[in-house]
Amino acid sequence: SYQQLANPKAKLMLKLLLVTSMVGSSEINPMTLSEAKVYQDDPDIGPIASLRKAYEENKIPQLKSIMASKGRKLAEDKELKDYSAEFFKAIKQKILLEKIMSYTNVSLSYLAQDLGVSDAEVKALLVELILDEKVEGKIDESKGFLELKPSERNVLEMKRYISVSYTHLRAHETSLHLVCRLLLEKKK
């Protein structure tokens, strides 16, 4: 049980569980378990729990803030050292996925600057996301852009806003529409 506050192994297990839940993209947050809540304010668990919560809720600014303030300490944590590369990669990929969602083309330099990493690291993260089929797109190295295929959701959103001409609307007018239009024009 995690509730044994004097048990360092329980604390270590919770730490590792939090990290692996993010690396594995699990939807289950270990901190929601009643046994884990005892550690919510623990100086070793608190930052990881905050990261997990922000990760789960897609709060990208909060994720970035925690990474900036506590990232170095987490990376140097002796118990997490073996997992820190995968842990930070999962967080960066999560941020990237949220960031690129509304684009069809986006500059690698822009993404790198926003994420606070090199262009090469952004490219490596995106290549992995593409190969894992989490992103549909390609990287244009000559232009330094990520070109995304419109997702089904984006296509539906775009279809809502495609403008059509008045002539086009009139061409599809039914007799019922015609009567309504004529009555509305008559009121003017």
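How many bridges join strand β2 to strand β3? There are four, linking residues 137-140 of β2 to residues 145-148 of β3, and the two strands run antiparallel. Strands here are DSSP runs of E with at least two residues, helices are runs of H or I with at least four, and both are numbered from the N terminus; two strands pair if DSSP finds at least two bridges between them. This is a predicted model, in which local features need pLDDT of at least 70 and side-chain atom pairs count only at pLDDT 80 or more, while totals for chains, interfaces and linings use all residues. Residues are numbered from 1 along each chain as its sequence is written, and side-chain values use heavy atoms, leaving out hydrogens and water.

Stay with the hairpin for a moment: four residues lie between β2 and β3, and Gly144 in the turn has a positive phi of about 75 degrees. Asp140 stands opposite Phe145 in β3.

Now turn to Arg52 in helix α2, residues 46-56. Arg52 is buried (under 20% relative accessible area, with exposed over 50% and partly exposed in between, using a 1.4 Å probe and protein chains only), because its relative accessible area is 1%. Beyond residues up to four places away in sequence, Arg52 touches several others, including Leu18, Met22 and Ser26, where contact means heavy atoms within 4.5 Å. A polar atom of the Arg52 side chain lies 2.7 Å from the backbone oxygen of Ser26.

Finally, look at Tyr55: the charged end of Lys94 sits over its ring, 4.7 Å from the centre. For this, NZ of Lys or CZ of Arg must be within 6 Å of the ring centre and within 35 degrees of the ring normal.

Note on methods. Polar contact = N/O pair within 3.5 Å; in protein donor to acceptor, adjacent residues only side chain to side chain.
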